[in-house]
Amino acid sequence: MRIVNLTVDIDNPERIPTRFGYGEGLLEAGQKNEEVVALGADITGSVKADLFRDAFPDRFFSLGIAEQNHIGVAAGLALMNKIPFVTNYGVFLAGRGWDEIRTTVCYSNLNVKLGGAHGGISVGPDGATHQALEEISIMRCLPNMTVVVPSDSIETKKATLAAAEMFGPIYIRYGREKVPVITDESTPFKIGEAYCMREGTDVAIIACGAMVYEGLVAAKELEKEGISTMVINNHTIKPIDKATIIEAAKLTGAVVTVEEHQVMGGMGSAVLEVLAQDCPVPVEMIGVMDRFGESGDPETLMKAFGLCSENVAEAVRRVIKRK
Amino acid sequence: MAHQLNENELKQKARHYRRDILKMLYEAGSGHPGGSLSSIDILTVLYSNVLRHNPENPCWEDRDRFILSKGHICPALYTILSDFGYFAREELGQLRQYGSMLQGHPCMHHTPGLEVSSGSLGQGLSIAVGVALAARLNGTDIRTYCLMGDGEVQEGQVWEAAMSAGHYKLDNLCAIVDKNGLQIDGNVEDVMNIDPLTDKFEAFNWNVIEIDGHDVVEIGNAFLQASQFSGKPTMIIADTVKGKGVSFMENAPGWHGVAPNKEQLDAALAELEEEK
């Protein structure tokens with residue numbers, strides 16, 4: 001298991017939207033490789049593909065509001081050895097383009113990159129229609145697909161650059177709102193390699209996206225109660241890092257999964273698939289419990305849906321009792 | 001490209017391919033004869049006289065690209081690819097069998113000469129648009145072709161793709177609608193009318209050419225016109241007969257996705273011999 005020491009003060013973190021990291025990553029990927037191209041879906045500024053568009057107007061194709069066509073056009077570009085990034089709100093990108101992603105992109109194993117913006121309920125006021133809560137499930141079940149949910153803006157940039165450098169379809173989930181920065185430039189990032197951001201012996205929190213931060217805050221709080229909590233940043237949902245998950249479960253004997261996504265089929269389910277087969281331990285799951293989102297400010301929604309560090313800490317207390 | 005085939009040679013080729021298609025489907029025990037037979041003349045002209053391709057090097061960078069959007073008629077394409085030497089003729093007998101190079105719907109990783117996997121309708125034109133955009137970006141003279149069915153254009157994605165091809169004025173793109181007038185449930189006009197198709201594509205900023213999709217000379221001329229047309233993509237609307245060449249399959253919706261039995265195969269082959 002790779003251990004990464006925290007270099008930031010989690011009580012007072014800098015907050016930056018992960019979409020900024022995506023935008024910078026896409027721009028840098030375009031600077032590094034002229035085969036990188038991007039498609040526009042009428043929300044180019046919102047999903048932060050505008051940095052790329054402005055730098056490389058000839059390699060940016062505006063395609064309007066037509067998600068199915070986006071995926072097909074990207075497939076055609078990939079067949080010509082381009083590296084196309086399709087960026088859209090995750091709920092529409094993954095949902096409306098699903099059969100195209102399945103049959104054209106994944107079955108053909110084409111080098112198409114999917115940037116799924118506005119992941120999770122933290123999108124806020126726009127409400128349920130625009131809050132992507134199912135993409136991890138419906139993307140990770142596709143053969144040849146890689147699924148990454150980075151924890152902060154710096155990691156999102158790294159993931160975007162890594163996506164351009166690997167071959168094959170990949171879905172990167174990122175968000176709209178400002179979230180704590182918990183990694184730095186030196187934090188190692190490799191697709192498929194989870195890492196431990198806090199060591200512990202009583203329980204392991206396995207989280208992805210901005211929920212890693214909530215896990216770190218919970219762990220610090222639990223320390224006061226004498227509970228030693230490990231926190232794993234499980235940024236790659238597929239291919240999942242079985243070795244790290246099994247090691248975490250063996251070392252602690254109890255697991256809490258944490259994600260801003262439906263618990264059905266999401267990151268937690270992926271972890272359970274590993275644990276149930278290789279290292280069954282008591283597990284509690286934090287996520288959206290089979291319901292749609294609602295309008296509201298992000299902070300209120302995260303509380304209302306039980307996605308805060310307090311909820312994680314409570315789940316840890318529950319799971320420890322079951323050991 | 002090999003030498004251009006004349007009208008008579010093209011007709012002979014197409015008849016040969018028709019026989020192969022029927023034999024393949026009989027061996028497989030399933031598959032789609034109707035659309036394979038309605039589109040085979042178009043594909044014969046395309047592969048013999050139009051498409052820049054090299055069977056000895058299927059991945060040749062400068063080849064023209066053909067995207068088969070109506071994936072279910074792949075037996076028609078398989079027989080042509082085999083004839084051009086992309087793979088051995090014996091493979092045709094393995095259509096739809098476990099472990100076969102020739103899947104029931106096209107898989108690019110199984111079959112040499114296929115540009116992309118397809119089978120879920122309505123997706124090929126989008127792919128062709130992406131290829132054409134990349135070809136333009138690269139500054140190459142590669143042309144992109146895409147074959148669709150008429151039932152297939154009921155898919156909304158076709159119109160998203162048509163809009164984008166018109167928007168980007170992709171004159172390096174030529175699509176063909178095999179307008180055989182039938183789909184599984186019956187006549188296209190009854191199931192879901194798509195007409196006036198020419199007006200629709202013209203409204204989407206396409207150059208549209210209507211032809212008899214079984215007249216090899218008209219087909220060849222249409223492809224030539226398309227390659228010379230500047231500033232718009234070209235849509236060839238090919239008026240065809242589903243099941244063309246086999247009397248009892250012609251214009252019969254029941255022959256969309258059913259393989260002939262031995263008796264039917266023999267009767268069909270006899271008809272295709274007699275036409276010589």
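Arg140(A) forms a salt bridge with Glu273(A), and their closest N and O atoms are 2.7 Å apart; a salt bridge here is a side-chain nitrogen of Lys or Arg within 4 Å of a carboxyl oxygen of Asp or Glu. This is a predicted model, in which local features need pLDDT of at least 70 and side-chain atom pairs count only at pLDDT 80 or more, while totals for chains, interfaces and linings use all residues. Residues are numbered from 1 along each chain as its sequence is written, chains are lettered from A and ligands numbered from 1 in the order in which they are written, and side-chain values use heavy atoms, with hydrogens and water left out.

Let us look at where that pair sits. Chain A is assigned domain 1 (15-180) and domain 2 (195-321), with bounds from an automatic or database domain assignment. Taken over C-alpha atoms, the centres of these two domains of chain A are separated by 25 Å. At their interface, 32 residues of domain 1 are in contact with 35 residues of domain 2, contact meaning heavy atoms within 4.5 Å. Together the two domains of chain A bury about 2,400 Å², 56% of it on carbon and sulfur atoms; buried area is the accessible area (1.4 Å probe) that two parts lose on being put together, summed over both. In domain 1, Ile121(A), Leu133(A) and Arg140(A) lose the most area to domain 2, together 28% of what that side buries.

The rule finds one salt bridge across this domain interface of chain A. It also finds 24 residue pairs in polar contact there, both residues at pLDDT 80 or more. A polar contact is a pair of N or O atoms within 3.5 Å; within protein, one must be able to donate a hydrogen and the other to accept it, and residues adjacent in sequence count only if both atoms are side-chain atoms.

Now turn to the meeting of the two chains. Here 27 residues of chain B are in contact with 26 residues of chain A. The area buried between chain B and chain A is about 2,100 Å², and carbon and sulfur atoms give 61% of it. Gln123(B), Leu137(B) and Glu160(B) supply 23% of the area that chain B buries against chain A, more than any other three residues. Across this chain interface the rule finds zero salt bridges, but there are 12 residue pairs in polar contact between chain B and chain A, both residues at pLDDT 80 or more.
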